[in-house]
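Please open the structure in your viewer and keep the selection tool at hand.

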Number of protein chains: 2
Amino acid sequence: MALLKTVRSIEELRGLLAEPRAAGKSIGLVPTMGFFHEGHQALMRRSRERDGAVVVSLYVNPTQFGPSEDYLEYPRDFGRDERMAQDVGVDVLFAPPDEEMYPPGDTTLVEVTGDLTARLCGQYRPGHFRGVATVVTKLLNVVQPHRAYFGEKDYQQLLVVRRLVQDLHLPVEIIGVPTVREADGLAMSSRNTTLTAAGRRAAAVLYRSLERARELAAAGASDARELLAATGEIIAREPSVKLQYVELADAATLAPIDRVTGRAVLAVAANVDGTRLIDNIIIGG
Amino acid sequence: MALLKTVRSIEELRGLLAEPRAAGKSIGLVPTMGFFHEGHQALMRRSRERDGAVVVSLYVNPTQFGPSEDYLEYPRDFGRDERMAQDVGVDVLFAPPDEEMYPPGDTTLVEVTGDLTARLCGQYRPGHFRGVATVVTKLLNVVQPHRAYFGEKDYQQLLVVRRLVQDLHLPVEIIGVPTVREADGLAMSSRNTTLTAAGRRAAAVLYRSLERARELAAAGASDARELLAATGEIIAREPSVKLQYVELADAATLAPIDRVTGRAVLAVAANVDGTRLIDNIIIGG
């Protein structure tokens, strides 16, 4: 296996990619904020299986964190990330400094408006999806990949990225990759490492609650209030898990729904030990 | 000379450009709203001189017009535009319908914030530069040109485009092309055709006033108030020319200046016969 190359500058990255691009190889991009886990590696493997060159970007993007959020505390371990990327055959790790992504005098924003960014996490993280849309647009233009891979764990982010790619006519295919879970069902997340042992055990209630709603829906329940009440009731059994929201929405538009008639997303956000965790499942359709 | 091809769909356009792109030819884009004049043709010629394939987009972008502006009245003559593009050797005229540029459910905006869009015309056309930034980003992604050509007549627009290209890391070189003027100095504009004969004669005062300021600056005047007063005084001699603003700003940032110490832009906007006209010159530096 070729050795992973780590680059910090856009110019160097583009130079590295000129050869595979000219040779007609497909380029895959996995955008990340680092502190890798198996979820990230699943994204990298999907690209490794399909693309001639696999680029992973590692950039903790300041503009998608609110002033009271965990930008400074976001976990980082660059050496470990390099080894984990190398282990799954990544070709290039692109780890730019802030001034490379946001050049001096930068004032340009990309924003997806409407339900896609106003609903779910958008209600609690003002500006978050604008930061995501802006940095993803930058990364897609920097790398110019044929495909880019995003985890379904961040379901709303995936929809926002699909929307901006379609609206701005970015020439890239967006691939959603299923959430990778721990043995007890907890969705893998870099933020899980910040939990206490007790918090880590309690956090598994989130997926259990979603699974319970899925069972009810499979048994014929379709009323949103009923499904949400059942989900919330299970989460309430773990007092250390502070529910922020549990919502049922149209899986394509994120518009709220009263009843499951087609594909719907059941999404949850909660705070555990001061760490914000999210999860979701698709039901119906 | 090869015959001009007119295409309406992004897919067809990309198909047409695949061959010259694969052959390593440079692709030039001239974004326009049609109703061509010699200013547009100067942009097309610049691209024709340098690029292997010249694409002109013709799209009257609704999102850059305010609710009280002239979107519906904007002059259009497609047959004449095709002939004028053919005359200067354009390869492809891309004239998409609205649903091609703004796909169903489109909600994505690109916005350059700060002085670049808040000053000069930005004070009088809220949302205009957001519409420009959004459609230019779309067009650059659709065509993926090596170079794109913009007139210096729309100086603020040129700066906004340069800024978003730099910030979003769009892989394109932006070329500014000097304003083409009528014999009496009036900057060419599609909107000039909507003037009455008297309005057309009166409109030449705009450039005369800018020229007067340039003479004063060349003779050593540098105080903004003095230069602006001289400009405004000349314009006031034509009562049918209703001044909207005349301002002196840093030519790179559009920040207001009290004194010309480096490159400055002297920009003017006025209404004549209900038509809004703009012009500018660079002084100092």
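In H9(A), the residues A:Val205, A:Leu206, A:Arg208, A:Ser209, A:Leu210, A:Arg212, A:Ala213, A:Leu216 and A:Ala217 meet A:Leu227, A:Ala230, A:Thr231, A:Ile234 and A:Ile235 of H10(A). Two residues are in contact if their C-beta atoms, placed from the backbone, lie within 7 Å. By class, this contact of H9(A) with H10(A) has 10 nonpolar, 2 polar and 2 charged residues. Here Ala, Val, Leu, Ile, Met, Phe, Trp, Tyr, Cys and Pro count as nonpolar, Asp, Glu, Lys and Arg as charged, and the others, Gly among them, as polar.

A note on the model: it is predicted, local features need pLDDT of at least 70, side-chain atom pairs count only at pLDDT 80 or more, and totals for chains, interfaces and linings use all residues. Residues are numbered from 1 along each chain as its sequence is written, while chains are lettered from A and ligands numbered from 1 in the order in which they are written.

Next, display both chains. In this view, 25 residues of chain B are in contact with 25 residues of chain A. On the side of chain B that touches chain A, strand E5 (108–112), helix H6 (128–143) and helix H7 (155–167) of chain B each supply at least two residues. E5(B) gives the most to that side, with 5 residues. The residues of that side divide into 11 nonpolar, 9 polar and 5 charged.

Now select residues 108–112 of chain A, which form strand E5 of that chain. E5 of chain A and E5(B) pair in the antiparallel sense over 5 bridges (two strands pair if DSSP finds at least two bridges between them). Which residue in E5(B) is the bridge partner of A:Val110? The partner is B:Val110.

Finally, hide chain A and turn to the sheet of chain B. This open sheet of 6 strands has the order E1-E4-E3-E2-E6-E7, with parallel pairing. At its edges are strand E1 (5–7) and strand E7 (173–177) of chain B, each pairing on one side only. Select E2 (residues 27–32) and E6 (residues 147–151) of chain B: these strands run parallel and are joined by 2 bridges. B:Gly28 has B:Arg147 in E6(B) as its bridge partner.

Methods: Helix = DSSP H or I, 4+ residues; strand = E, 2+ residues; numbered from the N terminus.
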